[in-house]
Amino acid sequence: MFREHDMYHPPEEGPVIGDVIVADNLEKRFGNVVAVDRVSFSVREGEIFGFLGPNGAGKTTTMKMIQCVSPKTGGTLRVFGMDVDTHPREIKRHLGVVPQENNLDPDFTAFQNLTIYARYFGIPRREAEERAMELLEFMQLEEKSAMVIEKLSGGMRRRLIIARALINAPKLLILDEPTIGLDPQARHLIWGKLRALQAEGNTLVLTTHYLDEAARLCDRLVIMDRGKILVEGSPEALVRRHVGTDIVEAERTPDVVACIDGMGVRYDVTADTVQIYTNEPEDVVRTLLDACRHGAVTARPATLEDVFLKLTGRPLRE
Amino acid sequence: MGRFAAAGITCSVWRVWRRNWDAFVKTYQVNFIPPFVEPFLYLLALGFGLGTYIETIDGVSYPRFIAPALISVSVMYSAFFECTYSSFVRMYYRKTFDAIIATPIGIEEVIAGEILWGATRALIYAALMLPVLVAFGVVDLPVSVLVVPFAFLAGLLFASIGMCFTAITPSIDALNYPSFLFITPMFLFSGTFFPLSLLPPIVQYIALAVLPLTHVVSVNRAITLTAFSPILYFDLIWIGAVTLVLFLLSIRLMRRRLIA
Ligand SMILES: Nc1ncnc2c1ncn2[C@@H]1O[C@H](COP(=O)(O)OP(=O)(O)OP(=O)(O)O)[C@@H](O)[C@H]1O
Ligand SMILES: [Mg+2]
């Protein structure tokens with residue numbers, strides 16, 4: 001079935017040129033559970049776009065709708081200007097996917113994993129083998145080429161999955177927690193590779209629980225919670241908007257809390273500290289030291305983690 | 001995407017098939033031994049051991065009577081187990097289906113490819129068993145060569161049955177139920193080791209209606225004994241129709257299971 005708006009976009013309504021993904025009131029229900037609750041966002045060509053959020057926020061569900069493997073239950077979602085419901089094959093042809101859960105094929109070697117995956121895209125054998133060698137080299141796995149999957153370390157498997165996602169030279173790369181469980185060296189290596197891919201003009205969408213990773217990599221990001229998008233923006237803008245430039249931390253005592261209450265600043269209390277959000281850390285620290293009966297006081301630059309905790313709350317989620 | 005289960009099946013099914021073929025060839029030593037050994041064991045124990053107490057069945061020596069059943073049973077086992085336990089491992093533990101549907105290949109094609117592969121395995125087993133049976137002189141040549149292409153059709157039937165169970169099983173252990181409650185009785189009561197006609201008529205009708213193996217044995221026996229009769233049309237139509245229905249059903253059930 002095609003509808004008229006699949007064929008023609010009136011300029012004033014169609015996606016802005018350069019928007020690779022456009023979601024409008026996108027919704028996903030599993031029975032009674034609303035995993036993604038009418039979210040709207042757009043990803044521009046050539047950017048690294050991040051999805052952050054606590055466990056169960058709906059990140060993976062959103063990624064799967066973009067990948068055309070999980071049908072949406074409401075709203076609209078276009079990738080490369082095409083409807084995910086009507087053009088899954090065309091969209092998937094230009095998509096690279098790094099799933100949250102490793103699903104390399106344990107019957108085969110690293111090299112064969114790439115060539116067999118290439119076959120799924122209909123890439124001719126000779127070309128597939130050349131590309132597989134290039135990608136193994138790109139992810140610094142050329143020595144592991146003949147190894148079966150179970151002999152690879154977690155970091156190598158993750159790198160191999162990224163290599164596999166690149167086999168069809170995708171224009172858009174979806175990475176669901178690409179650096180999950182990796183050591184700092186491996187994470188730095190992957191960050192470098194992702195930036196190199198961006199520099200080549202690719203668009204990247206990633207989810208992560210590492211906020212430093214998001215702050216370093218993402219041009220723009222959203223923070224999701226319980227299926228909804230809470231905020232959207234560049235990491236710096238979000239920090240500035242929601243927290244300020246700095247954080248002053250004081251030991252949590254009734255005196256300190258009472259004293260800060262009178263200062264007219266924005267703050268949050270955690271189990272053992274009070275966090276004051278400010279753009280003038282020196283003033284806040286001075287007031288604290290002068291006017292309050294205080295314990296330890298520290299000041300530090302605000303980070304994305306502060307935004308994340310402020311917006312999604314501190315208690316552990318299920 | 002169409003409502004019809006088979007809509008959206010393209011030639012990419014062969015890419016899914018090819019993945020399984022590649023994995024099979026890598027471990028060919030373990031894969032090629034059983035079809036050689038199995039007919040030996042059965043023929044020695046049942047055909048020439050137990051069979052010495054049995055003169056003939058409808059004028060046929062006992063080893064010649066069971067030879068087509070051995071092929072049929074092997075076809076059933078290889079296709080059914082491939083599309084139950086093996087497919088379940090690929091689907092559930094290894095997430096291989098998830099990996100494939102992230103490419104332009106759809107879930108319908110993955111399932112169709114798995115079923116075609118299960119049927120191919122049945123064909124390979126039949127092709128490997130045949131020389132052994134020929135060596136024992138218990139099948140007619142050259143007409144018995146027909147059991148090989150027929151193994152593919154029968155394989156499609158048992159692969160589709162297996163895939164339906166795989167689509168609805170809650171766990172790999174629960175696959176033991178169809179194995180013991182469906183496959184094992186079929187192994188015994190499908191005219192395999194004694195003629196169906198020994199059973200009470202009502203049981204015969206039930207066997208013909210719900211035990212697919214009866215029709216497969218019937219066709220294979222006609223081939224290896226060169227004893228064709230019009231009953232074969234009924235067997236072939238039954239097999240074809242049930243295969244088609246279960247093939248489409250398995251795809252539909254798998255879609256429901258995997259595409260949440
Ligand atoms: N197949 C499914 N069936 C039913 N509920 C599901 C299914 N997949 C996800 N959910 C539910 O949808 C919600 C969002 O899950 P999702 O996997 O998208 O979260 P996430 O943000 O990726 O979390 P995490 O950071 O832990 O990976 C959860 O409540 C989850 O239980
Ligand atoms: Mg997730």
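Between chain A and chain B, 15 residue pairs are in polar contact, both partners having pLDDT 80 or more; a polar contact is a pair of N or O atoms within 3.5 Å, where within protein one must be able to donate a hydrogen and the other to accept it, and residues adjacent in sequence count only if both atoms are side-chain atoms. This is a predicted model, in which local features need pLDDT of at least 70, side-chain atom pairs count only at pLDDT 80 or more, and totals for chains, interfaces and linings use all residues. Residues are numbered from 1 along each chain as its sequence is written, chains are lettered from A in the order in which they are written, and side-chain values use heavy atoms, with hydrogens and water left out.

**Where the chains meet**

- Chain A brings 27 residues to the contact and chain B brings 26 residues, contact meaning heavy atoms within 4.5 Å.
- Together the two chains bury about 2,300 Å², with 54% of it on carbon and sulfur atoms; buried area is the accessible area (1.4 Å probe) that two parts lose on being put together, summed over both.
- On the chain A side, A:Arg89, A:Arg119 and A:Tyr120 lose the most area to chain B, together 31% of what that side buries.
- Five salt bridges cross the interface of chain A and chain B, each a side-chain nitrogen of Lys or Arg within 4 Å of a carboxyl oxygen of Asp or Glu.
- A:Asp107 forms a salt bridge with B:Arg94, and their closest N and O atoms are 3.1 Å apart.

**The sheet in chain A**

- Here is an open sheet of six strands with mixed pairing, in the order E6-E7-E8-E3-E9-E10 (chain A); strands (E, at least two residues) and helices (H or I, at least four) are DSSP runs numbered from the N terminus, and two strands pair if DSSP finds at least two bridges between them.
- Strand E6 (95–98) and strand E10 (228–233) of chain A are at the edges with a single partner strand each, so one side of each has no neighbour in the sheet.
- Strands E3 (residues 48–52) and E9 (residues 220–225) of chain A run parallel and are joined by four bridges, and A:Gly50 stands opposite A:Leu221 in E9(A).

**Helices on the sheet**

- Helix H6 (residues 154–165) of chain A packs on the sheet, touching E6 and strand E7 (172–176), and its direction makes about 165° with that of E6(A); axes are lines fitted to C-alpha atoms, for helices over the stretch in contact, with angles from 0 to 180 degrees between N-to-C directions.
- Helix H7 (residues 184–199) of chain A lies across E3, E7 and strand E8 (203–207), running at about 145° to E8(A).
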